[in-house]
Amino acid sequence: MAKPNGMSKSEIIQCAKECLVEKGIENFTLRAVAEKAGVTQGTIYYHFRTKEQLFIELVQDICDTSWQELSQTKENVIEQALDSAKSRCSYDSFFHKLFLSLVASSIHNEEIRRKLGEMMKNENKALSEILSNLWGESPIKGVSFETWGILFNAMVDGLALQALLQKDFPIEKTYKEFEHFIKELSTFNGKEDKE
């Protein structure tokens, strides 16, 4: 297929984000993205063969942008990371609806499963590095930074899932206490093992 004139892949991803916010995941189509972008459906299909492929690219773009912003942060990294996660945590979160739709699709689609697994592995690694820089050593002997990254990523995803399912989920309170939990862990520095 010849490359169509028009928009770049990244420009289409931006239009797709806007379309997703406007229409919601339930009414999201590649045709709607083409209309929003002012291009033919052929242009969309050139860059993304399926809606799922576009969804994966959207999730990847949002995650990359978030991690890139965090990598620029020199102070209060944990607060920034939690604020970023909290900003996507809501009953109507298009990001988590999209992410969890892809997770459900991945049960029967090995390619989606592989790509999502790679994204999660990269997030776990980034979290591990942030915590390693913050703490220097694990606050609990026998728990590696790799495991801390996995656990924190699972907690953030679990909070998002609960917020999607409960309109009255206490997002502010929970994230405030989650931040307190992390700060308290920071004070341990393996002290309980030395006493």
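Q: In this predicted model, in which helix of the protein is confidence lowest, and in which is it highest?
A: Confidence is lowest in helix H10 (residues 191–194), with a mean of 44, and highest in helix H8 (residues 145–165), at 96. Over residues 191–195 the pLDDT is below 50, and this stretch has 7 contacts in the model beyond near neighbours in sequence. For the protein, the mean pLDDT is 87, and 93% of residues reach 70 or more.

Q: How many helices and how many strands are there in the protein?
A: The protein has 10 helices and 0 strands. Its C-alpha trace spans about 70 × 35 × 35 Å along the principal axes. Of the 195 residues, 39% count as buried.

Q: Which residues of H9 are buried?
A: An α-helix has 3.6 residues a turn, so residues three or four places apart point the same way. In H9, the buried residues are Ile171, Tyr175, Phe178, Glu179, Ile182 and Leu185. Seen down the axis of H9, these buried residues fall within an arc of 120°, so they line one face of the helix.

Q: Which exposed residues does the face of H9 turned away from its buried side carry?
A: That face carries Glu172, Lys173 and Lys176.

Q: What covers the buried residues of H9?
A: The cover includes helix H5 (77–87), helix H7 (110–135) and H8.

Q: How many residues does helix H9 have, and what length does it reach from its first C-alpha to its last?
A: Helix H9 (residues 171–188) has 18 residues and reaches 26 Å, close to the 26 Å expected at 1.5 Å a residue.

Key
Residues are numbered from 1 along each chain as its sequence is written. This is a predicted model: local features need pLDDT of at least 70, side-chain atom pairs count only at pLDDT 80 or more; totals for chains, interfaces and linings use all residues. Side-chain values use heavy atoms; hydrogens and water are left out. pLDDT is the predictor's confidence in each residue, from 0 to 100. Helices (H or I, at least four residues) and strands (E, at least two) are DSSP runs, numbered from the N terminus. Contact means heavy atoms within 4.5 Å. The expected span of a helix is 1.5 Å times one less than its number of residues. Buried means under 20% relative accessible area, exposed over 50%, partly exposed in between (1.4 Å probe, protein chains only). The arc is that of the directions from the helix axis to the C-beta atoms.
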